[in-house]
Amino acid sequence: MSSQYADDAHHLASAPVVVGVDGSAGARTALLWAAEVARDRGRDLRIAYGLDLPSASRVFNNYDLSEPAVLERLRAHGAALVAREALAVRGTLPEVQVSTEVSSEHPARMLLRHSATGYLVALGAQGADGFGTHIGSILLSVTSHAEGPVVVVRTESEEQPRPRESGPVVVGVDGSPLSEAAVAAAFEEAAERGAQLVAVHAWSDLTFGSFVGDPYTWFPMSDIEVNEEAILAERLAGWQEKYPDVPVRRHISMAEPAAHLQRWSESAQLIVVGSHGRGSFRGLLLGSVSNSLVQHAKCPVMVVRSPEGVQAHED
């Protein structure tokens with residue numbers, strides 16, 4: 001393990017790739033993506049299913065759930081589901097060490113628990129029908145509160161069941177120290193994948209669609225570009241020294257980071273965004289940029305929170 005990760009629980013050799021499943025096609029896509037990451041990184045795969053007994057109690061009523069037969073049926077359903085998913089992995093990637101878990105917790109709470117010690121947590125972009133599978137709220141909760149990297153595994157379209165395996169790793173950079181975690185994760189991912197890294201820096205989150213005229217004539221663009229280029233180069237310099245084999249491309253945009261990252265997702269194999277920071281990425285996890293990407297990107301989206309970001313959110 002690299003010395004830069006010596007105190008990072010997520011990079012311990014024992015830290016597994018964790019994937020949440022619910023029987024949906026989206027979860028199966030996430031499962032296979034996570035299994036390939038586990039294989040390529042030499043890590044175990046943990047397949048987890050949340051029964052969400054609190055929600056089930058509202059459906060069946062507390063009396064029914066107190067019946068051992070009802071609980072047994074719910075647990076048997078979960079056990080059959082994770083066993084089926086484990087079989088699917090072992091059938092295609094037999095070298096991956098697989099473990100399974102059926103938890104009584106809500107799926108989001110279960111995945112948040114795993115986010116503290118897992119290498120990463122993966123989940124699908126579309127869930128199954130029924131209680132405990134409100135995928136939108138699960139995505140928001142997990143990406144907003146996780147203690148480690150979370151990947152929402154999206155694909156180009158519903159007709160394309162596998163995520164793109166080529167293209168660059170794209171990272172959103174805001175120039176703040178708190179975006180360092182996203183940059184670090186993006187360099188690691190680019191190195192692991194043998195991919196180019198594209199660093200996208202939007203210096204403002206303004207949207208000019210409702211304005212008249214060309215907004216680029218309102219500002220001293222040459223001065224702004226020089227300043228923002230310097231900020232971006234500073235944020236990347238140290239990481240380029242640590243990852244000299246990763247080719248880097250810098251891209252500066254005046255505004256609309258969500259739209260630019262969305263366009264990059266049409267050719268990227270992974271988008272990486274940080275927790276929060278200055279300017280266009282302030283409050284990113286709870287804002288429109290991250291929400292837009294995890295719901296509409298054309299490739300997997302990794303959301304990374306720095307330890308400082310976790311502390312700030314909890315304070």
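User: Hi! Let's start with Y243: is it buried or exposed?
Analyst: Y243 is buried in this predicted model, with a relative accessible area of 14%. The cut-off for buried is under 20%, so 14% falls inside it.

User: Which residues does Y243 form aromatic pairs with?
Analyst: One partner is W239, and that pair is stacked, at 6.4 Å centre to centre with 25° between the planes. F187 and Y243 also form a stacked pair, with 5.8 Å between the centres and 20° between the planes. Together, the ring pairs link F187, W239 and Y243 into a cluster.

User: Where do F187 and Y243 lie in the chain?
Analyst: F187 belongs to helix α7 (residues 180-193), while Y243 is in the loop between α8 (221-242) and β8 (248-253). The two parts are 56 residues apart in sequence, so the pair ties them together.

User: How many aromatic pairs turn up in the whole structure?
Analyst: A search of the whole structure gives two.

User: What sits over the ring of W239?
Analyst: That's the charged end of K242, 4.3 Å from the centre of the W239 ring.

User: Nice. On to salt bridges: how many are there?
Analyst: The whole-structure search finds 12. One of them joins E36 and R162, whose closest N and O atoms are 2.7 Å apart.

User: Where are E36 and R162?
Analyst: E36 is in helix α1 (residues 25-41), and R162 is in the loop between β5 (150-153) and β6. They are 126 residues apart, so this pair links distant parts of the chain. R162 counts as partly exposed, at 35% relative accessibility.

User: What about R164, which residue does it form a salt bridge with?
Analyst: R164 goes with E156, and their closest N and O atoms are 3.6 Å apart. R164 is buried, with a relative accessible area of 18%, whereas E156 is partly exposed at 43%.

User: And R113?
Analyst: The side chain of R113 meets that of E105 in a salt bridge, 2.6 Å from N to O. R113 is partly exposed, with a relative accessible area of 39%.

User: Which residues are linked in a network of salt bridges?
Analyst: R41, E189, E192 and R193 are linked that way.

User: Switching to strands. What covers β6, or rather, which of its residues are buried?
Analyst: Strand β6 (residues 169-172) is covered on both faces. V169 and V171 are buried on one side, and V170 and G172 are buried on the other.

User: Which strands is β6 joined to?
Analyst: Four bridges join β6 to β7 (residues 197-202), and the two run parallel. Three bridges join β6 to β9 (residues 270-273), again running parallel.

User: What are the bridge partners of V171?
Analyst: In β7 the partner is A199, and in β9 the partner is V272.

User: Last one: how does the protein chain look overall?
Analyst: The secondary structure comes to 11 helices and 10 strands. Of the 315 residues, 51% count as buried. The chain exposes about 14,600 Å², with carbon and sulfur atoms supplying 52% of that area. Among contacts with a separation of 6 or more, 77% come from residues 24 or more positions apart.

Note on methods: Residues are numbered from 1 along each chain as its sequence is written. This is a predicted model: local features need pLDDT of at least 70, side-chain atom pairs count only at pLDDT 80 or more; totals for chains, interfaces and linings use all residues. Side-chain values use heavy atoms; hydrogens and water are left out. Buried means under 20% relative accessible area, exposed over 50%, partly exposed in between (1.4 Å probe, protein chains only). Contact means heavy atoms within 4.5 Å. Accessible areas come from the Shrake-Rupley method with a 1.4 Å probe; for residues, only the protein chains shown count as cover. Two strands pair if DSSP finds at least two bridges between them. Rings of Phe, Tyr and Trp (its six-membered ring) pair if their centres lie within 6.5 Å; planes under 30 degrees apart count as stacked, over 60 as edge-to-face and the rest as tilted. A charge sits over a ring if NZ of Lys or CZ of Arg is within 6 Å of the ring centre and within 35 degrees of the ring normal. A salt bridge is a side-chain nitrogen of Lys or Arg within 4 Å of a carboxyl oxygen of Asp or Glu.
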